[in-house]
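Hello,

Here is the model I promised to pass on.

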Amino acid sequence: MPNAILVINGPNLNLLGTREPEIYGRTTLDDVKAATTAQAKARGLAADFRQSNDEGELVEWIQDARASAAGIIINAGAYTHTSVAILDALQACGKPVIEVHLSNIYKRESFRHHSYVSPAATGVICGLGAQGYVLAVDAMADLLSKVKT
Ligand code: DQA
């Protein structure tokens with residue numbers, strides 16, 4: 001599926017809209033999904049937008065992307081800061097990866113300053129809220145068009 005991109009959201013992102021709105025805003029994950037899939041469509045891509053609280057499930061989705069997706073956009077939530085398993089899966093996948101965070105993780109607690117996802121990522125977008133996902137789709141579309149030529 002050359003035009004399919006997998007958009008993965010990790011733990012607690014299902015609570016967006018009500019979870020710490022002073023940090024994450026009032027936008028729900030459904031709103032983020034709508035904006036992401038619309039932008040993907042505008043760029044000729046099909047976004048498969050998912051969320052899980054389960055680290056193993058996230059790893060399985062990344063493994064499956066080897067066959068089913070051209071690239072991965074990932075907000076791994078708190079697993080960003082803990083999961084070598086997600087890093088290994090992303091590195092094994094060999095597809096372009098863009099890491100997204102709604103909040104600016106570098107402005108927050110020091111344990112959020114380290115990301116296990118970043119070594120596998122082509123680029124990182126953080127601190128721009130839901131707009132970060134839209135920008136990530138644009139960046140992915142550009143990356144994939146370069147891969148093709
Ligand atoms: C987050 C930042 C993480 O530190 C946090 O654990 C999250 C959300 C973000 O989108 O800003 O769950 O990834």
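Let me start with a helix pair: the axes of helix 3 (residues 55–68) and helix 4 (residues 84–93) come within 9 Å and cross at roughly 5°. Axes here are lines fitted to C-alpha atoms, for helices over the stretch in contact, with angles from 0 to 180 degrees between N-to-C directions. Helices are DSSP runs of H or I with at least four residues, numbered from the N terminus. Helix 3 and helix 4 are therefore roughly parallel (an angle under 35 degrees). From helix 3, E55, L58, V59, I62, A65 and R66 meet A85, I86, A89, L90, A92 and C93 of helix 4 (heavy atoms within 4.5 Å). Those residues divide into ten nonpolar, no polar and two charged.

A word on conventions: this is a predicted model, so local features need pLDDT of at least 70 and side-chain atom pairs pLDDT 80 or more, while totals for chains, interfaces and linings use all residues. Residues are numbered from 1 along each chain as its sequence is written, and side-chain values use heavy atoms, leaving out hydrogens and water.

Now the ligand. Residues around the ligand (a heavy atom within 4 Å) include R19, Y24, H81 and R112. Oxygen atoms of the ligand lie 3.2 Å from a polar backbone atom of A78, 2.8 Å from one of L102 and 2.6 Å from a polar side-chain atom of S103 (N or O pairs within 3.5 Å). The protein covers 99% of the 320 Å² of accessible area that the ligand has on its own (Shrake-Rupley, 1.4 Å probe).

Best wishes

How values were computed
Helices (H or I, at least four residues) and strands (E, at least two) are DSSP runs, numbered from the N terminus. Angles under 35 degrees count as roughly parallel, over 145 as roughly antiparallel, 65 to 115 as roughly perpendicular and the rest as oblique. Ala, Val, Leu, Ile, Met, Phe, Trp, Tyr, Cys and Pro count as nonpolar, Asp, Glu, Lys and Arg as charged, and the others, Gly among them, as polar. A polar contact is a pair of N or O atoms within 3.5 Å; within protein, one must be able to donate a hydrogen and the other to accept it, and residues adjacent in sequence count only if both atoms are side-chain atoms.
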